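Have a look at the picture before reading on.

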Amino acid sequence: MKEDAAHRTSCPDEIRVLAFTSSGVKIGIDTDQIARLTGIEEAEGRDWKPFSLPGRPALRGVSSPDPAAKVLLARGEGPPIALAIDRLDEIFSVPVDDLRPLPHLITSSSAFHAVWGAVIRNGEIILLVDIYKLSAGRPPAGAEPAA
Amino acid sequence: MDEPAGSNKSDRILEELRMRQAQKADVDVEEKKMKVVIFFLRGDLFALPGENIKEILPLATIYPVPGTPVYIPGVINNRGEIDSVVTINGFLGLPESERSPSCRIAVAEREGVRSGILVDSVADVTDIPVTTVKPPLNTLAKSRKEFVAGEFLHQNKNIILLDIGKIFTKIVS
């Protein structure tokens with residue numbers, strides 16, 4: 001009972017979502033996970049090695065980033081986590097009750113667990129991504145890619 | 001002593017009516033029907049039991065989900081709920097289909113799983129006598145046979161009845 005009560009109090013009533021587009025896919029990240037937005041030049045200049053979303057459809061590789069692309073820098077200590085995006089769309093608040101878990105077929109068949117839910121915004125589906133889970137498994141900043 | 005012509009007439013009529021009703025019941029049992037949704041995939045006709053199909057939707061925007069297999073093109077906004085969409089071509093040994101305005105999303109539910117199924121077009125929704133469904137032919141490819149519940153003739157065309165539960169189980173396992 002105490003755990004239930006603690007869980008309820010730890011769950012916010014709403015979250016703020018930073019929505020962006022990456023190769024046509026609309027993605028959202030909880031703004032609590034984001035430190036700031038910067039340009040691709042700064043990210044590369046500081047050797048943050050920004051990465052992009054894996055999986056289908058083929059998303060833009062960071063090997064040839066669009067100079068207009070932006071980079072989301074995750075909040076937190078340790079090696080920087082920098083996610084390359086095509087463009088920032090908007091930031092909005094959404095009640096937790098309006099968040100939707102992904103269908104069972106998606107969660108059970110996806111090898112990619114960084115997408116944790118979705119929200120419908122103006123009729124469009126925005127996939128919610130956990131940037132920390134997204135970065136898990138990628139080479140740490142500064143490491144050379146495997147040959 | 002002969003009985004009058006009208007003697008026991010009502011009893012004979014009632015007996016005849018009971019026999020006719022019993023025969024009709026026999027016929028009804030033989031004619032037990034099931035609803036099927038018949039659809040095209042790459043020019044072949046397939047069917048799913050109507051009891052597994054919750055609704056049939058026009059082709060809507062399918063939002064891809066990173067990291068999902070090729071047979072899951074993504075998710076759709078189904079009146080405020082998010083449903084997955086799968087293509088079953090690969091399970092039937094067929095290449096993927098091109099999307100066109102005739103495509104439909106049949107929302108199916110079975111084995112505790114709910115998902116849209118992308119089909120090339122819906123040919124018919126009809127009732128068929130259960131007895132017309134025959135076991136799948138032995139010549140059917142083993143990979144396809146795994147997901148086939150039977151076959152039946154409809155308007156002189158052979159139609160393969162699928163077991164969507166087995167396909168869903170395969171996907172989530």
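The second largest cavity holds about 40 Å³ of space. Bear in mind that this is a predicted model. Cavities of 30 Å³ or more come to two by count. Who sits around the second largest cavity? Its lining is made up of B:Leu41, B:Thr87, B:Asn89, B:Ser97, B:Glu98, B:Cys103, B:Leu118, B:Val119 and B:Asp120. Sort that lining by class and you get four nonpolar, three polar and two charged residues.

Now for a pocket, this time over in chain A. The second largest pocket has a volume of about 160 Å³, and its lining includes A:Cys11, A:Pro12, A:Ile15, A:Trp116 and A:Asp130. Also in that lining are A:Asp30, A:Gln33, A:Val96 and A:Leu99. By class, the lining splits into six nonpolar, one polar and two charged residues.

Last stop: helix H3 of chain B, residues 164-172. Its buried residues are B:Ile164, B:Gly165, B:Ile167, B:Phe168 and B:Ile171. They span an arc of only 160 degrees around the axis, so they lie on the same side of H3(B).

Finally, look at the start of H3(B), where a side-chain oxygen of B:Asp163 comes within 3.0 Å of the backbone nitrogen of B:Gly165.

Key: Residues numbered from 1 in each chain as written. Chains lettered and ligands numbered in written order. Predicted model: local features only at pLDDT ≥ 70, side-chain atom pairs only at ≥ 80, totals over all residues. Heavy atoms only, no water. 1 Å grid on protein atoms, 1.4 Å probe; cavity = no way out; pocket = protein on both sides within 12 Å on 5 of 7 lines; lining within 4 Å. Points joined across faces, edges and corners; volume = space filled by probe spheres on them. Nonpolar A, V, L, I, M, F, W, Y, C, P; charged D, E, K, R; others polar. Buried < 20%, exposed > 50% of the residue type's maximum accessible area, 1.4 Å probe, protein only. Helix = DSSP H or I, 4+ residues; strand = E, 2+ residues; numbered from the N terminus. Arc of directions from axis to C-beta. Polar contact = N/O pair within 3.5 Å; in protein donor to acceptor, adjacent residues only side chain to side chain.
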